Amino acid sequence: GFAKYAARFNENKQEIWREFYGEDGQPMEYKGYTIYTREYGDDGFVSVEKYFDAEEKPVLCAAGYAEVRRTYKAKNLVSSESWFDADGQPMAPTDTYFKVVKDFDEAGNVILNGTVVALGFSDDGKDSSGVLHKLFR
């Protein structure tokens, strides 16, 4: 565990930065990182989380990614989630998919659940992420 943490908040009183400290008062690694930051969308939900070491260099958290990006449909329902490594490149933390895409009905029930299982590149080398999907209805 950790002894304490320091946090910063935005004007909406949402946590945007946290750093963990050990009993000696020095920054310490916790679950693979020392610092995490959060960005919020206009809807007030966390849209980006990033993980850093004590020198504020991107690192992988215990879940296997350095950054996660989310979009929401409504009522805190995540409609897409994608992960990135310490170099900012798309990655599959579970070794099975790179992105999750969902859609919901008015009651909040999942009506579409899809995963991007591969990232593709066109012949000219441009990223065409999401060219191969697995969709579950």
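Lys 50 counts as partly exposed, at 26% relative accessibility (buried means under 20% relative accessible area, exposed over 50%, partly exposed in between, with a 1.4 Å probe and protein chains only). Keep in mind that this is a predicted model, where local features need pLDDT of at least 70, side-chain atom pairs count only at pLDDT 80 or more, and totals for chains, interfaces and linings use all residues. Residues are numbered from 1 along each chain as its sequence is written, and side-chain values use heavy atoms, leaving out hydrogens and water.

**Salt bridges**
- Lys 50 and Glu 39 meet through their side chains in a salt bridge, 4.0 Å from N to O (the rule: a side-chain nitrogen of Lys or Arg within 4 Å of a carboxyl oxygen of Asp or Glu).
- Lys 50 sits in strand E4 and Glu 39 in strand E3, so this pair ties together parts that are 11 residues apart in sequence.
- Glu 39 is partly exposed too, with a relative accessible area of 39%.
- By this rule, the count comes to 6 salt bridges.
- Another one pairs Arg 38 with Glu 49, with the closest N and O atoms 2.9 Å apart.
- Here Arg 38 is partly exposed at 24%, whereas Glu 49 is buried at 8%.
- Glu 67 and Arg 69 also form a salt bridge (2.7 Å, N to O).
- Salt bridges with shared partners join Arg 38, Glu 49, Arg 70 and Glu 81 into one network.

**Strands**
- The chain has 0 helices and 10 strands (DSSP runs numbered from the N terminus: helices are H or I with at least four residues, strands are E with at least two).
- In strand E6 (residues 78-84), 6 of the 7 residues are buried, so the rest of the structure largely encloses it.
- E6 runs antiparallel to strand E5 (residues 67-72), joined by 6 bridges (strands pair if DSSP finds at least two bridges between them).
- One of the partners is Ser 82 in E6, which bridges to Arg 69.
- E6 and E7 make a hairpin with 5 residues between them, and Gly 88 in the turn has a positive phi of about 80°.

**A buried threonine**
- Where is Thr 34 found? Look in the loop between strand E2 (15-21) and strand E3 (35-40).
- A polar atom of the Thr 34 side chain lies 3.4 Å from the backbone oxygen of Met 28.

Note on methods
A polar contact is a pair of N or O atoms within 3.5 Å; within protein, one must be able to donate a hydrogen and the other to accept it, and residues adjacent in sequence count only if both atoms are side-chain atoms.
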